[in-house]
Amino acid sequence: MRFRTWLLVLALISIPGRAQQQLPVPDLHLPQPSPPAPAPGQTPAQPAASAPPPANMPGVKISAKIEPFKVHQGEVFDYLVELSWEKSKESCELEFKLPVIPTGEKIKAVGSEFESENLAKAETENVRRIYRFKYFPMAEGKQSLAQADFEYRCRGTETYYQVSAPPFPVEVLKKKIHLKDIVRSRHFRIFLLVALLAGVVSSAILLIRSRRKKAELAPAPVEKTPEENALLLLTNADQYRIAGRYPDYFLGLEQALRKYLEEKYQIRWSGRERLVDEVSKATAPDLASELDYFLKFSDRVKFAGAEPASSELDRCYQAVRRVIEFKKMEIAGGMK
Amino acid sequence: MSEMERIQSVVEKESQFVDKLLNEVGKVIVGQRRMLERILIGLLCKGHILLEGVPGLAKTMTIKTFCDCIRAKFQRIQFTPDLLPADIIGTLIYDQKTGNFIPKKGPIFHNLILADEINRAPAKVQSALLEAMQERQVTIGDNTYHLEEPFLVLATQNPIEQEGTYPLPEAQVDRFMLKILVPYPKKDEEREIMERMTKVEIPKADPVISAEELLKTREVVNQIYLDPKIKDYIINIVFASRNPAEYGLKDLEGLISWGASPRASIYLNLASRAHAFLRHRGYVTPEDIKSIGPDALRHRILLSYEAEAEEITSDEVVKRIFDKIEVP
């Protein structure tokens, strides 16, 4: 069953255009005993090609593949080489030398593993040796793993025989972008911040727009004129006059006048003399003299406890009211 | 007639001389109405006045003219670095005929003293004068002499030429009731000054009131009504200079090192009454406080280095306080 899978894999990788990885049809050295390749710093094995293999030596098959099928830069992949043979009662026990790890130009070997598997049948036994070499591709592009050579011999004999997997082409694809890498990257954080700010700004703009829209739709509040505001305050102050709370009443009159002068003429409530002078310039001198009388009298009521007579109350009220209604009278009567 | 009406009528009657006096002084002094009123306030409240202004603004002439108008004795003392306390208060001199030491009274024994350029004299001379101002008496040898009323010291300081001066310590500046800044005259005033002072006969003021009569008016000033609301207003202003943040003046907090002393409240109270008297009123209004406030507070508020670095004056601080504190 496993052998079938291997064959399928080999078939798949050999179909051009089917897979992205353009793998050549492996030129397997089937039990063609070849002279063993001399390993650097090692005594070269006795040339096996010259001597025929013993009759009881089983034929070794070799196949290779990479896992995963698509190799990305920066991701470790495995190069698996499988040696298999059928062992019978007559065949000798095979001994393997430690293989030299195949190298690549921009592929760094990072480890290797070895495993063996025996599958017993009725008379024979299928043996598999799988070499798993681990690599770290450092750059993208077409790369190649060097030829993998395996030397073996029958136990008790001297001569080594060699089986090789041809150079294995590997196309290293672009580095795969992982979510965790993105999240950890500085650029992503900046982007996130910018996006957040943009979100806040856009939501603020939306909020302002919606409010404006609402405000446009809502009926505009009717703004009262300075005269109306001041007259309203005068009316409110009247309750104090009725209650006989004259200091508060005069305070109310002053507040009405203060608000009116600020709104209408932008005259700030300063000292009496200056205020009278400014009102005189803004309105009419006779109004200013009445205002002066009111202010003096107001001080007397507020700070000297003077009890105003009804005539004085009327005069003060009229003084304030005349200043407030001055413009109206000017238009109506053509004054000044 | 209510008590208030009585006070009002008394004030109206007794304050009649004010306009006459100011007009009479005005015959000689052009403009400077504010300074004239403040000097009169000082006379009415037993306070002393610190004048600050460049030379040539008629400070000496003003006080001299005032003396002429109230029939008081005037003395000008020029403060110099070599002045001694005895040069001001007097000393004991040996009488060869009797063989005894007899007191020789100094120039301080006058009604109105002009202490010209007070910051040019050393600290011991300044303190001798300020002590006499406060105690209103002088001790020469074993005898103590009371200074004759009215007694008003008008000290001047020159804001320029600070080199080689002895600036008055804060504690001594605080003894002055008011600090008045004397401004330059306006254009038309300057023209009037030029015309008056280039005539052959320089105008002279006539007496309007005697010193005794002036002293009597002090009693009237003391009767002037000060409403509790006005008292609260004074207290709020003084407290705002001490704890500005509590009165919504957070921006002033770092600018003031020390707020106004209780003398500020006392003098604001007295000076506002006198100010109301000058306006022929038997009661004080917030306007009186606003008018007299800067003169009573500017030398009592000690600014921080931060304020000095920002070139903020105590006048600006006082203005901000008055702008913020609600008028009753």
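In which crossing, left-handed or right-handed, does α5(A) pass α7(A)? I looked this up and found a left-handed one for α5(A) passing α7(A), a crossing being left-handed if the near helix is turned anticlockwise from the far one by less than a right angle, and right-handed if clockwise.

I note that this is a predicted model, in which local features need pLDDT of at least 70, side-chain atom pairs count only at pLDDT 80 or more, and totals for chains, interfaces and linings use all residues. Residues are numbered from 1 along each chain as its sequence is written, and chains are lettered from A and ligands numbered from 1 in the order in which they are written.

I then read the geometry: helix α5 (residues 246-265) and helix α7 (residues 285-304), both of chain A, pack at about 140° with axes 8 Å apart. Helices (H or I, at least four residues) and strands (E, at least two) are DSSP runs, numbered from the N terminus, while axes are lines fitted to C-alpha atoms, for helices over the stretch in contact, and angles run from 0 to 180 degrees between N-to-C directions. α5(A) and α7(A) are therefore oblique to each other (under 35 degrees is roughly parallel, over 145 roughly antiparallel, 65 to 115 roughly perpendicular, the rest oblique).

I next turned to a sheet in chain A, an open one of 4 strands in the order β1-β3-β6-β5 with antiparallel pairing, where strands pair if DSSP finds at least two bridges between them. β1 (61-67) and β5 (107-120) of chain A are at the edges with a single partner strand each, so one side of each lacks a neighbour in the sheet.
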